[in-house]
Amino acid sequence: MPIDLYYTSLSPPCRSVMMTAYMAGVDVNLKMLNLMNRDQLKPEFLKINPQHNVPTIVDEDGFCLNESQAICMYLINRYGGHKAQHLYPEEAQQRAVIDQLLNFGSSVLFANARDLFIPVVMHGAKQLDPAALKNFHDGIGFVDIRLADSAYAAGQHLTIADIALVASISSIDAVDSRILDKYSHIQTWLKRCQKEIAHYEELNGNGAKLYGQFVKNALEKIDVAESLYTGKFDV
Amino acid sequence: MPIDLYYMSLSGPCRAVMLTAKMVGVELNLKIVNLMAGEQMKPEFLKINPQHTVPTLVDSGFVLTESRAICAYLVNKYGKDDKLYPKSPKDRAVVDQRLFFDLGVFYSAFSDYYYPVIFRGATSLDDGKKKKLDEALRFFNMFVSDRDFAAGDHLTIADLSLVASASTMERVNPKIFDDYPKIKEWMERCKNQIPDYHDLNQVGAEIFGQIGQSALAKIQ
């Protein structure tokens, strides 16, 4: 029986779930929500998820779950089996590194991008906040440092940590590829992951382009500091 | 061999790790990193953790950051049973959801609202951020309305993480849960059931609270 996934394709967390579900061999019944239309506030959805956010899944027995990382972990824990166990191994240390990256990805990478772009995209700010811009690049920098030592974020093979980071970083790349210019390890890793993740374009590439366009449209209306692209800041 | 934990007691995430280690029965070799004095930027610490955050765990050379990942690791690796972090996928998923809720919604709404004043010299609090905080509190109040603990009928690492956050919030603003009675009741249950709660969590929360309250008093 397929799992219902409430999503919007612009959203990186939604796309991590889509990529993970496919690789876990889980059938997904896609249910798109138009957030601008406030679909997520409709009573039927509030009954499923009173927090009214996406992604949200509904599994058999009506088990509802939100928070993209928890969903990805659940999909492998429950359905990974032999085929997809390697995406979230059970061994404590390997798992811990992935958990660390999922936490970092949420509270640093995704949050920093949101804090940087939302004021301009949604609230009419006339410039990118300099402190937010520095934090944004610092966060990306930590990922690059990590990838200097290993082919994938959590070690020697693809895991749900890479999938989550790809969803965010590909979205940033789609805003303007110059943003990633100084992060050579990320660029190599991104290309590697794009080849390895099944149905990448359909499950992530297209949504990342939408995200990129959405943010780019807003940035075109303001004066954008060069440091967005150079990652260089006066000390 | 004991496990090193680089920490500061005022930090909620550090306290969540200490509460977890106590319950799992793991001995921690505590190493203070004084964030106020910039000790996290010292070369020796940057070598261990280039992201210079606390908590940072070092277990026989294995370095781990992010408090909620550390709590999960301690149970996964050293737990005598899985009560604190159930292995069954659905039960575990609820704990995981609560942990990411704490990280990305609950504590982050609090820090978004208060940190600019407490740590970054802002002279006023933002109304829009207050609304987000109220919404987060409403959600959490709802989570603990129909069950005794955050993820079900017994303590898990979700409670340990959330109570470290909630106690910090309550010490910065003692009235913060006044409109959320279920959160207050849940906190009482946690205080009564978590071993060494006062020493491992309340003391550090008080320290954070003093810093927060004195910064807020300046902008009244």
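This is a predicted model: local features need pLDDT of at least 70, side-chain atom pairs count only at pLDDT 80 or more; totals for chains, interfaces and linings use all residues.
A disulfide is a pair of cysteine sulfur atoms within 2.5 Å.

View 1. Over all chains, the search of the whole structure finds zero disulfides. The closest cysteine sulfur to that of A:Cys14 belongs to A:Cys72 and lies 10 Å away, which is too far for a bond. A:Cys14 counts as buried because its relative accessibility is 0%. In chain B, the sulfur of B:Cys71 has that of B:Cys14 as its closest cysteine sulfur; the separation is 10 Å, again too far for a bond. B:Cys71 has a relative accessibility of 1% and therefore counts as buried.

**View 2. The four-stranded sheet of chain A.** The sheet is open, its strands follow the order S2-S1-S3-S4, and the pairing is mixed. Strands S2 (28-32) and S4 (64-66) of chain A are at the edges; each has a single partner strand, so one side of each has no neighbour in the sheet. On average, neighbouring strands are turned by 20° against each other, with direction ignored. Strand S1 (residues 3-7) of chain A runs parallel to S2(A), and five bridges join the two. Within this pairing, A:Ile3 is opposite A:Val28 of S2(A). Helix H1 (residues 12-23) of chain A packs on the sheet and touches S1 and S2 of chain A. The direction of this helix makes about 155° with that of S1(A).

**View 3. Side chains of strand S1 in chain A.** Five of the five residues of S1(A) are buried, and the strand is mostly covered. In a regular strand, side chains alternate between the two faces of the sheet. From S1(A), A:Ile3, A:Leu5 and A:Tyr7 point one way, while A:Asp4 and A:Tyr6 point the other way. A:Leu5 has A:Leu30 in S2(A) as its bridge partner.

**View 4. Strand S3 of chain B and its two partner strands.** S3(B) pairs with strand S1 (residues 3-7) of chain B in the antiparallel sense, over three bridges. Here B:Asp4 is opposite B:Val58 of S3(B). S3(B) also pairs with strand S4 (residues 62-65) of chain B, antiparallel and over four bridges. In that pairing B:Asp59 is opposite B:Phe62 of S4(B). The hairpin of S3(B) and S4(B) has two residues between the strands, and B:Ser60 in this hairpin takes a positive phi near 45°. B:Thr56 and B:Val58 point one way from S3(B), and B:Leu57 and B:Asp59 point the other way. All four of these residues, B:Thr56, B:Leu57, B:Val58 and B:Asp59, are buried.

**View 5. Surroundings of B:Pro55.** B:Pro55 lies in the loop between helix H2 (43-48) and strand S3 (56-59) of chain B. B:Pro55 counts as buried because its relative accessibility is 3%. Leaving aside residues up to four places away in sequence, the residues that B:Pro55 touches include B:Leu5, B:Tyr6, B:Pro13, B:Cys14 and B:Val17. The contacts of B:Pro55 also include B:Leu64, B:Thr65, B:Glu66, B:Ser67 and B:Ile70. From C-alpha to C-alpha, B:Pro55 and B:Met169 are 19 Å apart in space, and they are 114 residues apart in sequence.

**View 6. Aromatic pairs in chain B.** Over all chains, the structure holds 19 aromatic pairs. The ring centres of B:Phe101 and B:Phe106 are 6.0 Å apart and the ring planes are at 25°, so this pair is stacked. B:Phe101 is buried, at 0% relative accessibility, and B:Phe106 is buried with a relative accessible area of 0%. The pair of B:Phe110 and B:Tyr114 is tilted, with 5.1 Å centre to centre and 50° between the planes. B:Phe110 and B:Tyr114 are four residues apart in helix H4 (residues 89-119) of chain B and are therefore separated by about one helical turn. Both B:Phe110 and B:Tyr114 are buried. Ring pairs link B:Tyr107, B:Phe110, B:Tyr113, B:Tyr114, B:Tyr115, B:Phe119 and B:Phe208 into a cluster.

**View 7. Arginines over tyrosine rings in chain A.** The charged end of A:Arg95 sits over the ring of A:Tyr88, at 3.7 Å from the ring centre. The charged end of A:Arg192 sits over the ring of A:Tyr152, at 5.8 Å from the ring centre.

Technical notes
Residues are numbered from 1 along each chain as its sequence is written. Chains are lettered from A and ligands numbered from 1 in the order in which they are written. Side-chain values use heavy atoms; hydrogens and water are left out. Buried means under 20% relative accessible area, exposed over 50%, partly exposed in between (1.4 Å probe, protein chains only). Contact means heavy atoms within 4.5 Å. Two strands pair if DSSP finds at least two bridges between them. Axes are lines fitted to C-alpha atoms, for helices over the stretch in contact, and angles run from 0 to 180 degrees between N-to-C directions. Rings of Phe, Tyr and Trp (its six-membered ring) pair if their centres lie within 6.5 Å; planes under 30 degrees apart count as stacked, over 60 as edge-to-face and the rest as tilted. A charge sits over a ring if NZ of Lys or CZ of Arg is within 6 Å of the ring centre and within 35 degrees of the ring normal.
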